[in-house]
Amino acid sequence: MAVTSAVDPAEEIEDLRARLAEAEETLNALRSGEADAVVVDGPHGLQVYTLRTAVEPYRMLVEQMGQGALTVSRDGLILFCNDCFAQLLDRPRERLAGMRLQDFAAPGTERSVVELLERGRDPGRDIALRNSGGDTVDVYVTSVPIEIGGEEVRCLVTTDLSQQELRLRHAVVVEASRDAIYSLDQHLVIRTWNRGGAELTGFSAAEAVGRSEWDLCPPECRAELEDLVEQVRREGTAVSIDTVRRRKDGSRVDLIYTLTPLKGRDGHVTGYSVVAHDITERKEAERRLRFLTEEIDHRGKNLLATVQAIASLSARDASTLDNFLNAFIGRIHALASTHTLLSTHSWRGVTVREIAGAALAGFDGDGRIRIEGCGAVLRPKFAQDLALSLHELATNAAKYGALSVPDGRLDLEWRLDGGRLVVEWRERDGPPVMPPTKKGLGTKVIERTAGAAGHVDYVFHAEGVRCHFEFDADCCVPERGNRPTSSGSTTSGTPR
Amino acid sequence: MTDRPPRPLEGLRVLLAEDEFVIALLQEDMLRELGAEVVGTVGSVGAIVGAVEKGMPDVVLLDVNINGERVYGAAAALRARDVPFVFVSGYQELPDCPPDLCGVPQLRKPFRPGQLAAALGEALARGGRT
């Protein structure tokens, strides 16, 4: 029989269907052992079909495969197609038989389809088909000619490029991910492993595949993993938990761990996929936040305790409420301005120049105050102590000392002496100095500046009050000694 | 300025370990008003044990964080000598506290004389072991 385009397609299909029916019969006969070869009387004379044992398995394979498979006549009439091909075009499989492949070609690719049909054997080409919704489906198609009943037909295999492309892209994404992405079989044995898994755990793909998830799971997380697997199995959906896994070197890594069931066609769980995201940094940030919260609490309470102490002790010295308020508020201000300075420098330390400038900021007296020293930086605690002491000295000087008269002068100098910080306060040309009759808070504060980490000589010299502070080397912040700073509103000397 | 309690700590010898000297000054005043004798004030962790040996206090007030240094090592040394102590801190929960020191009486800053007296009394009642 010569099949040409002139022949009515309906007739042609009838003919081919009849032949397929014959083939079915033959197959049945063979399966039941009735025959091992069949002779069919065709238009070209007698045809002998020898049905090899592989035929039935092949059919099953074609039905199961994830690619489209179809046989078409030379003219493109679809004789047979599998489910996958029907799904590709989104049409019922039984309707496709008898239709022409060319009619599904997307505009612009008809010629390529015809060429494919004419060539018979084609190693593969990209064509575009239209599905029932009118959407274009890009497919890669290969063709092999075979002869059925004397007719040459084409066996085509189509690969959905959109799926293929998607898979490729997914593969790239998985491989590029810094997360560990891997699959497990139903016994939790690792089957695939990406680069992220290697980075996260130290196990290469070769070392990981075949290993059990239980090997990565530290003992304290085993019960949790058992529960997780059980839950994922039962619910059939992905579940995420915060957990820990062991690296190759035995160290632990904090993770967000997502277990997703992989299901077979019948809905049974056949394995799992795992996405594990390293949250070490987040955990570290949480720890730091906790530390900072505690630290704020501690500092806040300490500050309140200091304010409480200043209030109580100021009250003991004061004879009137006004006296108390002046002393108390002055000290709180001294405390506050040192806090501002420390905060500006992220609580690393403050230069003596800044401390001196802040303590004497209220007393700019026509150049009678001289502030001069090096760029030494005091640690926060000692900066606060010195600031309060200088505040007390300045307050006393303004009340009774050199700063209480127009001609009085004050020198405030500091230097590093063999690593130790020496600060000198010298008043002169003030009124005659009289030592105080009782030790107030100011004196106690000055005498205790630097505590055990130095010493203080506080002298009521006849010419003016002198105070000599010494701080041990470790009261200072090293390496930051020459930072340029301003000295407030008072005159400043040149650093030595 | 506050209601002066009686002198419940009459004759008690107390050592202070506190680096903030203004706070230390107030604590000294409080202790004296409660009748106690302040045998010394130290501002560093390293000086505590020496000051205890020298001053022979009945009880020690230990700031938990002295110049950024934790005081737990010195606390263990005091316990070994059966010297009772009280932890003073601004922390709600003592940071990194060794489990065997968690039961030590605590004072949270800022505190009032009555709280100070109660904490010292508790420490003395327990003796050197807590």
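**Exercise 1. A residue in a loop**

Between which two helices of chain A does the loop that holds Leu101(A) lie?

*Solution.* 

Step 1. Let us begin with the ground rules. This is a predicted model, in which local features need pLDDT of at least 70 and side-chain atom pairs count only at pLDDT 80 or more, while totals for chains, interfaces and linings use all residues. Residues are numbered from 1 along each chain as its sequence is written, chains are lettered from A and ligands numbered from 1 in the order in which they are written, and side-chain values use heavy atoms, with hydrogens and water left out.

Step 2. Now look for the loop: Leu101(A) sits between helix 4 (93-96) and helix 5 of chain A. Helices (H or I, at least four residues) and strands (E, at least two) are DSSP runs, numbered from the N terminus.

Step 3. Check the accessibility. Leu101(A) has 2% relative accessibility and counts as buried. Buried means under 20% relative accessible area, exposed over 50%, and partly exposed in between (1.4 Å probe, protein chains only).

Step 4. List the partners. Setting aside neighbours within four places in sequence, Leu101(A) is in contact with Leu70(A), Gly76(A), Ile78(A), Phe85(A), Val113(A) and Leu156(A). Contact means heavy atoms within 4.5 Å.

**Exercise 2. Following one partner**

*Solution.* 

Step 1. Ile78(A) belongs to strand 4 (residues 78-81) of chain A. Its relative accessible area is 2%, so Ile78(A) is buried.

Step 2. Compare sequence with space. Ile78(A) and Leu101(A) are 23 residues apart in sequence, yet their C-alpha atoms are 6.5 Å apart. For Ile78(A) and Gly98(A), 20 residues apart along the chain, the C-alpha separation is 5.2 Å.

Step 3. Not counting residues up to four places away in sequence, Ile78(A) touches several residues, among them Leu70(A), Phe85(A), Leu101(A) and Phe104(A).

Step 4. Widen the view to the chain. Among contacts in chain A between residues at least 6 apart in sequence, 53% join residues at least 24 apart. Chain A has 15 helices and 19 strands, and 41% of its 496 residues are buried.

**Exercise 3. Salt bridges inside chain A**

*Solution.* 

Step 1. Start with the rule: a salt bridge is a side-chain nitrogen of Lys or Arg within 4 Å of a carboxyl oxygen of Asp or Glu. Over all chains, this gives 44 salt bridges.

Step 2. Arg125(A) and Glu115(A) meet at 3.2 Å, N to O. Arg125(A) lies in strand 5 (residues 122-130) and Glu115(A) in helix 5 (residues 110-119), so the pair ties together parts that are 10 residues apart in sequence. Arg125(A) is buried at 13% relative accessibility, whereas Glu115(A) is partly exposed at 37%.

Step 3. Arg282(A) and Asp242(A) have their closest N and O atoms 3.0 Å apart. Arg282(A) is partly exposed, with a relative accessible area of 37%, and Asp242(A) is partly exposed with 38%.

Step 4. Glu372(A) and Arg370(A) form a salt bridge with 2.7 Å between the closest N and O atoms. Here Glu372(A) is buried at 16% relative accessibility, while Arg370(A) is partly exposed at 31%.

**Exercise 4. Where two chains meet**

How many residues of chain A are in contact with chain B? Describe the interface from there.

*Solution.* 

Step 1. Count the residues: 24 of chain A are in contact with 23 of chain B.

Step 2. By class, the side of chain A that touches chain B has 9 nonpolar, 6 polar and 9 charged residues. Ala, Val, Leu, Ile, Met, Phe, Trp, Tyr, Cys and Pro count as nonpolar, Asp, Glu, Lys and Arg as charged, and the others, Gly among them, as polar.

Step 3. Look for salt bridges. The interface of chain A and chain B has 3. In one of them, Glu33(B) pairs with Arg316(A), the closest N and O atoms being 2.9 Å apart. A network of salt bridges links Arg316(A), Arg448(A), Glu28(B), Asp29(B), Arg32(B) and Glu33(B).
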